[in-house]
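I start with the overall picture and then go through the pairs and patches one at a time.

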Amino acid sequence: DHYPSVKLLAATLDGESVTAFTRMAEAVLVIGNESNGLSPAMTSRASRRVTIPRLGGAESLNAAIAAAILVERLLL
């Protein structure tokens, strides 16, 4: 709430594809653990939800790998 212009992005399985986002100068990206994801309270605070498109049957990525992919794709 102290930085209203900074986007809060939640990494979720049901978010918008990261390919639909334009690069940002700044943002806060929150990522949950592989088995439980983010709490509903945290997800509800997000400006937008983002996901990495998946092929095949994988249900999730390692949290650190997902964070690296998202940061590389989203930030300038």
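This is a predicted model: local features need pLDDT of at least 70, side-chain atom pairs count only at pLDDT 80 or more; totals for chains, interfaces and linings use all residues.

1. Overall size. Along its principal axes, the C-alpha trace spans about 40 × 25 × 20 Å.

2. Layout. There are two helices and three strands in the chain. Reading from the N terminus, the order of elements is β-β-α-β-α.

3. Surface and interior. Of the 76 residues, 26% are buried. The chain exposes about 5300 Å², and carbon and sulfur atoms supply 55% of that area. As for contacts, take those with a sequence separation of 6 or more: 71% of them are between residues 24 or more positions apart.

4. How the strands pair. Strand 1 has strand 2 as a parallel partner, with four bridges between the two. One spot to look at is Lys 7, whose bridge partner in strand 2 is Ala 27. Strand 1 also runs parallel to strand 3, and here five bridges join them. On that side, Ser 17 has Thr 51 of strand 3 as its bridge partner.

5. Salt bridges, in general. Side chains of opposite charge can pair when their charged atoms come close. How many salt bridges does a search of the whole structure find? The search turns up three, and the next points take them in turn.

6. Arg 49 with Asp 14. These two side chains form a salt bridge at 3.3 Å, N to O. Arg 49 sits in strand 3 (residues 48-51) and Asp 14 in strand 1 (residues 7-17), so the pair ties together parts that lie 35 residues apart in sequence. Are the two partners buried or exposed? Arg 49 is partly exposed, at 37% relative accessible area. Asp 14 counts as exposed because its relative accessibility is 55%, and the cut-off for exposed is over 50%.

7. Glu 16 with Arg 48. Here the side chains meet at 2.8 Å, N to O, in another salt bridge. Glu 16 belongs to strand 1 and Arg 48 to strand 3, so this pair ties together parts 32 residues apart in sequence. Glu 16 is partly exposed at 34% relative accessibility, and Arg 48 is partly exposed at 29%.

8. Arg 23 with Glu 72. The side chains of this pair meet in a salt bridge at 3.7 Å, N to O. Arg 23 is in the loop between strand 1 and strand 2 (27-30) while Glu 72 is in helix 2, and with 49 residues separating them the pair links distant parts of the chain. Arg 23 is partly exposed, with a relative accessible area of 42%. Glu 72 is also partly exposed, at 47%.

9. Thr 43. You'll find this residue in helix 1 (residues 40-45). Why does Thr 43 count as buried? Its relative accessible area is 15%, and buried means under 20%. Leaving out residues up to four places away in sequence, Thr 43 touches Ala 10, Thr 12, Leu 38 and Arg 49. Arg 49 in that list is the salt-bridge partner of Asp 14.

10. A nonpolar patch. Which residues form a nonpolar patch on the surface? They are Leu 61, Ile 65 and Ile 69, and together they have about 230 Å² of accessible area. Ile 69 is part of helix 2 (residues 63-74).

11. Ala 20 against Ile 69. Ala 20 is in the loop between strand 1 and strand 2. Ala 20 is exposed, with 52% relative accessible area. Between Ala 20 and Ile 69 there are 14 Å in space, C-alpha to C-alpha, and the two are 49 residues apart in sequence.

Conventions:
Residues are numbered from 1 along each chain as its sequence is written. Side-chain values use heavy atoms; hydrogens and water are left out. Patches are made of residues with over 30% relative accessible area and no salt bridge: like charges are joined within 9 Å, nonpolar side chains (Val, Leu, Ile, Met, Phe, Trp, Tyr) within 5 Å. Accessible areas come from the Shrake-Rupley method with a 1.4 Å probe; for residues, only the protein chains shown count as cover. A salt bridge is a side-chain nitrogen of Lys or Arg within 4 Å of a carboxyl oxygen of Asp or Glu. Buried means under 20% relative accessible area, exposed over 50%, partly exposed in between (1.4 Å probe, protein chains only). Contact means heavy atoms within 4.5 Å. Two strands pair if DSSP finds at least two bridges between them.
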